[in-house]
Amino acid sequence: AWGHPLMVALEPRWGGSYPQMAQFAETLKPYIAERPMAAIVAAMPQVSLANQFYRAEKWREAEAVAKEATRHTTHRAPYYDAGVALLRQDSGNRWEALMYLLGESRFPPGNAYAARQRGHLIWELTGDVDWARLSIERAVELEPENGLGQWMLGGIHAPQGRVDEAETAYR
């Protein structure tokens, strides 16, 4: 979107501030009806703040800001942040986390960690092994060197009697 470089320049890590980002976001809002991609840029103050909370491991704050951001944008980051922040809390709703991680999966290329978490939640909450396998396979596709993804893939194949595929994944 045309305002993205300007919004990034206003991030606190580059010498700007969240109030400056919010002020710029307000100037974009009148254009959203004509230029829907402007909504992605207009939500960047929330996206950036949610990410800051996420990196600081302030899970409740990250969850709240990221969830609000998903209401205003199709940016992938707040879906990831909301889903993972929910999982990092002992009291986090796992079904709700799955919903946000499914939202994250709509945006290419996707994130391997999110795909592994999604696969695990699908398997755990629904028992749908075939559906879970799709997410785990995506995680392995994104990060073939990740041993956990390979282990999960083997764990999906083995109970289905797909021993050869399980052994290949476990190697």
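The secondary structure of this predicted model comes to 11 helices and zero strands, where helices (H or I, at least four residues) and strands (E, at least two) are DSSP runs numbered from the N terminus. Along its principal axes, the C-alpha trace spans about 60 × 30 × 30 Å. Residues are numbered from 1 along each chain as its sequence is written, and side-chain values use heavy atoms, with hydrogens and water left out. Because the model is predicted, local features need pLDDT of at least 70 and side-chain atom pairs count only at pLDDT 80 or more, while totals for chains, interfaces and linings use all residues.

**Burial**

- Of the 171 residues in the protein, 44% are buried, and buried means under 20% relative accessible area, exposed over 50%, and partly exposed in between (1.4 Å probe, protein chains only).

**Salt bridges**

- A search of the whole structure finds 12 salt bridges, each being a side-chain nitrogen of Lys or Arg within 4 Å of a carboxyl oxygen of Asp or Glu.
- Arg-13 and Glu-11 form one of them, at 2.8 Å from N to O; Arg-13 is exposed, with a relative accessible area of 61%, whereas Glu-11 is buried, at 8%.
- Arg-94 and Glu-124 form a salt bridge whose closest N and O atoms are 2.9 Å apart, and because Arg-94 lies in helix H7 (residues 94-104) and Glu-124 in helix H8 (residues 112-126), the pair ties together parts that are 30 residues apart in sequence.
- Asp-130 and Arg-133 meet in a salt bridge at 3.4 Å, N to O, and these residues, three apart in helix H9 (residues 129-142), are separated by about one helical turn.
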